[in-house]
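Thanks for coming. I have one structure to go through, so please look at the screen while I talk.

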Amino acid sequence: MSEGLRERKKRQTRQRISGVASGLFVARGFDNVTIAEVAAAAEVSVNTVYNYFQAKEDLVLPPEEASPQRLADIVRGRRAGQSAADAVLARLRQEVRGRERRLGLSEGFGRVLEMMRAAPTLTARLERLAHQMTAELADQLVLETGAAPGDPLPRAVAWQLGSLHSMVLSEIGRRTAAGERPGVIAAKVLELIDAAEELMGKRLLGYAVREE
């Protein structure tokens, strides 16, 4: 279904607000910019900003890109014959090769990363998000495998895959802060993912295979 005029205008307004906010945050620091200043610079009302972004942190970490359901959604959407680990590995490789913004592999992300690291509320949110992703994935694995109450295996698998996800983001952040270009970073991160997969045992790689 093609995008209607109303939907396109809403998407463009959201993108404009987000872009303006990012520019202000990078230039002045996240904590030094108010929502009112973002609204004024984007030429919209404060209420309009909140209609699109429920919290100030959402302007930097939009829920559709930084969702607690991210890993669980990847596993839910895996193809038949694919395990939970295979699905996460495949998605990470796809996003790294595509140099996707959600991973911080776009040009100019270095300054955004510096801004985020300087804002305690953003770093705290990222840490909380990582824990939530792992917890939601564990719940999804329990649901799919029918694991008994108290079975530690779904949590152990979720922790392994959550740690892989966090490691990829950390490596991208480290290399970005060191001034490496996205293309170079992507190549090195793909090597890291390959190394991580080689260390995974058969039980992890074969856990929660979706039935045909």
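Let me start with a definition: a residue counts as buried under 20% relative accessible area, as exposed over 50%, and as partly exposed in between. Please also keep in mind that this is a predicted model.

Take Asp-139, which sits in helix α7, residues 120-145. Its relative accessibility is 51%, so Asp-139 counts as exposed.

Now the opposite case. Ser-67 belongs to the loop between α3 and α4, the latter being residues 70-76. With a relative accessible area of 19%, Ser-67 is buried, because the cut-off is under 20%. Which residues does Ser-67 touch, leaving aside its neighbours within four places in sequence? The contacts are Leu-129 and Met-133.

On to helix α1, residues 5-28. After α1 comes Gly-29, with a positive phi near 100°.

Which residues of α1 are buried? They are Thr-13, Ile-17, Ser-18, Ala-21, Leu-24 and Phe-25. As a general point, an α-helix has 3.6 residues a turn, so residues three or four places apart point the same way. The cover over the buried residues of α1 includes α2 (35-42), α3 (46-52) and α6 (109-117).

That is where I will stop.

How values were computed: Residues numbered from 1 in each chain as written. Predicted model: local features only at pLDDT ≥ 70, side-chain atom pairs only at ≥ 80, totals over all residues. Heavy atoms only, no water. Buried < 20%, exposed > 50% of the residue type's maximum accessible area, 1.4 Å probe, protein only. Helix = DSSP H or I, 4+ residues; strand = E, 2+ residues; numbered from the N terminus. Contact = heavy atoms within 4.5 Å.
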